[in-house]
Amino acid sequence: MSTIKQFQVTFDCAEPARLAAFWCEVLGYVVPTVPEGFATWEEYHRSLPPEDEIYFACTDPSGVAPRLLFQRVPEGKVVKNRVHLDVRAGAGLVGDERLATLEAECARLMALGAKHVLTQRADGVNESCITMQDIEGNEFCLA
């Protein structure tokens, strides 16, 4: 039996600070405190040797949900994600009420730079969900 109780989700990306700020807005997460001796995360990252990896993390302020880590990589996104986040904006809702809630959240996220990809309406078996992309093209679902 595994003793692992926590995990983080890591995103490869081009602009870690920008993508972390986007996901903080989406999920209500916060960026950890800047290391001592630095006024900003940007100042801290500028102090690192050029070969050091640039990263940004954000956390659930309640400490319950997993930490998200965004690390800069040289290559761009080329294909569909094999793993994606389901943002549970409509948990417990059904029918028109669920769809209206998801559409309102979709509009909020589009104002932050997300892209609407597909709205899947309830079909009698599955409830409605909306597929989106974050500001770097990573797919996620509003469910």
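Begin with the second largest pocket, which holds about 180 Å³ of space; a pocket here is an open set of points on a 1 Å grid over the protein atoms alone, where a 1.4 Å probe fits, with protein on both sides within 12 Å along at least five of seven lines, and its volume is the space filled by probe spheres set on the points, which are joined across faces, edges and corners. The model is predicted, so local features need pLDDT of at least 70 and side-chain atom pairs count only at pLDDT 80 or more, while totals for chains, interfaces and linings use all residues. Residues are numbered from 1 along each chain as its sequence is written, and side-chain values use heavy atoms, with hydrogens and water left out.

Select Lys-5, Gln-6, Phe-7, Thr-59, Asp-60, Gly-63, Val-64, Ala-65, Pro-66 and Arg-67 to display the lining of this second largest pocket, that is, the residues with an atom within 4 Å of a point.

Of its 20 lining residues, Phe-11, Asp-12, Lys-77, Asn-81 and Asn-138 lie nearest the centre, and strand β1 supplies the largest share of the lining, five residues.

Now zoom out to the whole chain, where three helices and seven strands can be coloured; helices (H or I, at least four residues) and strands (E, at least two) are DSSP runs, numbered from the N terminus. Along the sequence they follow the pattern β-α-α-β-β-β-α-β-β-β.

Select helix α1, residues 16-27, whose 12 residues reach 16 Å from first C-alpha to last, close to the 16 Å expected at 1.5 Å a residue, the expected span being 1.5 Å times one less than the number of residues. Show Pro-16, Leu-19, Ala-20, Phe-22, Trp-23, Cys-24 and Val-26, which are buried (under 20% relative accessible area, with a 1.4 Å probe and protein chains only). The buried residues of α1 pack against elements including β1 (8-13), β3 (67-72) and α3 (95-111). Just after the helix, Gly-28 takes a positive phi of about 75°.

Finally, centre on Trp-23, which, leaving aside neighbours within four places in sequence, is in contact (heavy atoms within 4.5 Å) with Phe-11, Gly-28, Leu-68, Phe-70, Leu-85, Val-87, Asp-134 and Phe-140.

Notes: Buried < 20%, exposed > 50% of the residue type's maximum accessible area, 1.4 Å probe, protein only.
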